[in-house]
Amino acid sequence: MSGNTGGAGPAIAAHSKDASTPGPTPASEASGAVKPASDSGEAISYALQQATDFVRGEPLASMGIFIIAGIVIGKVLSRR
């Protein structure tokens with residue numbers, strides 16, 4: 001493998017970000033302080049924009065969150 005320069009490894013490494021790299025990540029930006037809004041419509045719009053940005057930036061994490069939420073909701077509703 002010493003001569004292998006192709007494959008998904010470099011592409012994945014280029015997009016990955018570990019904890020030792022300084023700077024904000026999409027998750028840290030989405031979990032920041034809530035922007036004060038003068039109108040409840042603005043607050044909803046801002047929250048929706050933050051959620052959209054997170055889903056576009058972290059699609060696999062978003063899928064995992066929705067799958068787990070679906071399982072939890074299914075378990076809760078099946079106990080009724």
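**Exercise 1. Find where I68 sits in this predicted model, then work out whether I68 is buried or exposed.**

Step 1: Go to helix α4, which covers residues 59-78; that's where you'll find I68.
Step 2: Check the relative accessible area of I68, which is 55%.
Step 3: Exposed means over 50%, so I68 counts as exposed.

**Exercise 2. Decide whether S62 is buried or exposed, and find what S62 touches.**

Step 1: Stay in helix α4, because S62 lies there.
Step 2: The relative accessible area of S62 is 4%. Buried means under 20%, so S62 is buried.
Step 3: Leave out residues up to four places away in sequence, and S62 touches F54 and V55.

**Exercise 3. Describe the whole chain: how many helices and strands are there, and what percentage of the residues count as buried?**

Step 1: Count the elements: you get 4 helices and 0 strands, in the order α-α-α-α along the sequence.
Step 2: Of the 80 residues, 4% count as buried.
Step 3: For the surface, the chain exposes about 6800 Å², with 65% of that supplied by carbon and sulfur atoms.

**Exercise 4. Find out where in the chain confidence is lowest and where it is highest.**

Step 1: Start with the overall picture: the mean pLDDT is 75, and 50% of the residues reach 70 or more.
Step 2: Compare the helices: confidence is lowest in α1 (residues 9-15), with a mean of 58, and highest in α4, at 95.

Key: Residues numbered from 1 in each chain as written. Predicted model: local features only at pLDDT ≥ 70, side-chain atom pairs only at ≥ 80, totals over all residues. Heavy atoms only, no water. Helix = DSSP H or I, 4+ residues; strand = E, 2+ residues; numbered from the N terminus. Buried < 20%, exposed > 50% of the residue type's maximum accessible area, 1.4 Å probe, protein only. Areas by Shrake-Rupley, 256 points an atom, 1.4 Å probe, with all protein chains shown as cover. pLDDT = per-residue confidence, 0-100. Contact = heavy atoms within 4.5 Å.
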